[in-house]
Amino acid sequence: MSDQQLTLRSLDEWRSSAQFLTVGTHRMAWWSSGENDETKPWLLLIHGYPTSSWDWTAVWPVLEKKFRLVAMDMLGFGLSSKPRDHSYSIIEQADLQEVLLEFLNISEAHLFVHDYGNTVGQELLARHNEKSLSFSLKSMVFLNGGLFPEMHRARPVQRLGLTPLGPLLGKMMSRDRLRTSFDKVFGPETKASEEEISGHWKLMKENNGLAVLHRLLRYIPERRANRPRWVKALSETTIPLRLINGGADPVSGEHLFYYYREHVPDADAVLLEDIGHYPHTEAPARVCEGFLAFHEKSRTFSSM
């Protein structure tokens with residue numbers, strides 16, 4: 001399939017296929033496919049900020065041919081609960097991923113992660129390395145994200161959200177401002193469609209989500225505070241890793257790609273020079289090609 005043939009699924013269709021899991025006082029939205037096909041390995045997809053698991057629907061049809069898929073809107077995102085006075089943390093988000101897999105009786109899984117989800121993935125990787133993870137982590141593929149906090153170039157709106165003026169972030173945000181923000185981090189020829197912007201905007205507003213946008217940004221100082229643990233996870237793991245990086249991304253683009261290659265032992269990294277911060281929606285066919293090539297090399301499907 002070409003990039004033009006792989007597009008985001010209708011938001012209404014995606015919404016109607018959501019399932020929900022209650023964890024404490026939180027209602028978590030999740031999706032899966034192929035769960036009864038035991039010939040396929042499980043793949044857990046973890047989305048980024050400020051969007052949702054809907055991001056993955058452009059690559060979903062290709063990935064589900066090889067994997068059983070599962071994805072969850074993290075706490076504060078998409079269709080999941082968005083508690084107002086909550087101290088959001090990467091640690092809790094990782095805990096919730098473990099809860100979901102335990103609920104589904106998934107004992108081993110591969111991961112495909114993006115942006116905020118990269119940091120959740122790094123925490124899960126650290127737990128795997130410590131042998132404290134509740135499932136067996138088989139491999140991980142990263143898309144653009146702040147794997148090294150010193151390489152993360154936060155946007156002005158993110159820096160604002162971390163100041164005492166942070167609560168103004170949600171009040172200032174609008175669909176047009178989201179359009180402008182996304183245009184600045186997407187590739188020059190792969191801007192999000194109007195339908196895509198509208199869908200993200202609806203999901204951000206769901207459950208009064210604009211009120212917690214600034215609280216979710218706590219992941220940026222968390223990355224700095226936990227850098228030793230999360231960067232060490234990359235260098236000490238024995239599972240296969242790959243980075244698929246959109247080089248035109250001003251936040252974590254080409255500069256992150258070369259830093260990753262320099263600082264991760266035997267780094268496996270693919271650069272999509274003309275693609276921005278959302279490779280899986282900007283160039284879904286190329287991302288799938290790079291993702292599946294990694295799994296062929298890793299012999300994920302060798303026993304099939």
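Predicted model: local features only at pLDDT ≥ 70, side-chain atom pairs only at ≥ 80, totals over all residues.
Student: Why is the pair of tyrosine 116 and tyrosine 219 edge-to-face?

Tutor: Planes over 60 degrees apart count as edge-to-face. The planes of tyrosine 116 and tyrosine 219 stand at 65°, with ring centres 4.9 Å apart, so this pair falls in that class.

Student: Which helices hold tyrosine 116 and tyrosine 219?

Tutor: Tyrosine 116 is in helix H4 (residues 116-130) and tyrosine 219 in helix H10 (residues 219-225). The pair links distant parts of the chain, 103 residues apart.

Student: Is tyrosine 116 buried or exposed?

Tutor: Buried means under 20% relative accessible area. Tyrosine 116 has 1% relative accessibility and therefore counts as buried; tyrosine 219, at 0%, is buried as well.

Student: Which residues form an aromatic cluster?

Tutor: One cluster consists of Trp56, Phe67, Phe112, Phe291 and Phe301. Phe301 also has a charge over its face: lysine 66 lies 4.7 Å from the ring centre.

Student: Where does the charged end of arginine 27 sit?

Tutor: It is placed over the ring of phenylalanine 20, 3.6 Å from the centre of that ring.

Student: Which residues make the nonpolar surface patch of about 250 Å²?

Tutor: Leu165, Leu168 and Met172 make that patch. Leucine 165 belongs to the loop between helix H5 (156-161) and helix H6 (168-172). With a relative accessible area of 47%, leucine 165 is partly exposed.

Student: How many salt bridges does the structure hold?

Tutor: There are 17 salt bridges. One of them joins lysine 40 to aspartate 37, where the closest N and O atoms are 3.8 Å apart. Aspartate 37 is partly exposed, at 26% relative accessible area.

Student: What does the salt bridge of arginine 229 and glutamate 123 tie together?

Tutor: The N to O distance in this bridge is 2.8 Å. Arginine 229 lies in helix H11 (residues 227-236) and glutamate 123 in helix H4, so the bridge ties together parts that are 106 residues apart in sequence. Arginine 229 is partly exposed at 28% relative accessibility, whereas glutamate 123 is buried at 2%.

Student: Where are arginine 227 and glutamate 150?

Tutor: Their side chains meet in a salt bridge at 2.7 Å, N to O. Arginine 227 is in helix H11, and glutamate 150 is in the loop between strand E6 (136-142) and H5, 77 residues apart.

Definitions and conventions: Residues numbered from 1 in each chain as written. Heavy atoms only, no water. Phe/Tyr/Trp six-rings, centres within 6.5 Å; stacked < 30°, edge-to-face > 60°. Helix = DSSP H or I, 4+ residues; strand = E, 2+ residues; numbered from the N terminus. Buried < 20%, exposed > 50% of the residue type's maximum accessible area, 1.4 Å probe, protein only. Lys NZ or Arg CZ within 6 Å of the ring centre and 35° of its normal. Patch = residues over 30% accessible without salt bridge, like charges linked within 9 Å, V, L, I, M, F, W, Y side chains within 5 Å. Areas by Shrake-Rupley, 256 points an atom, 1.4 Å probe, with all protein chains shown as cover. Salt bridge = Lys/Arg side-chain N within 4 Å of Asp/Glu carboxyl O.
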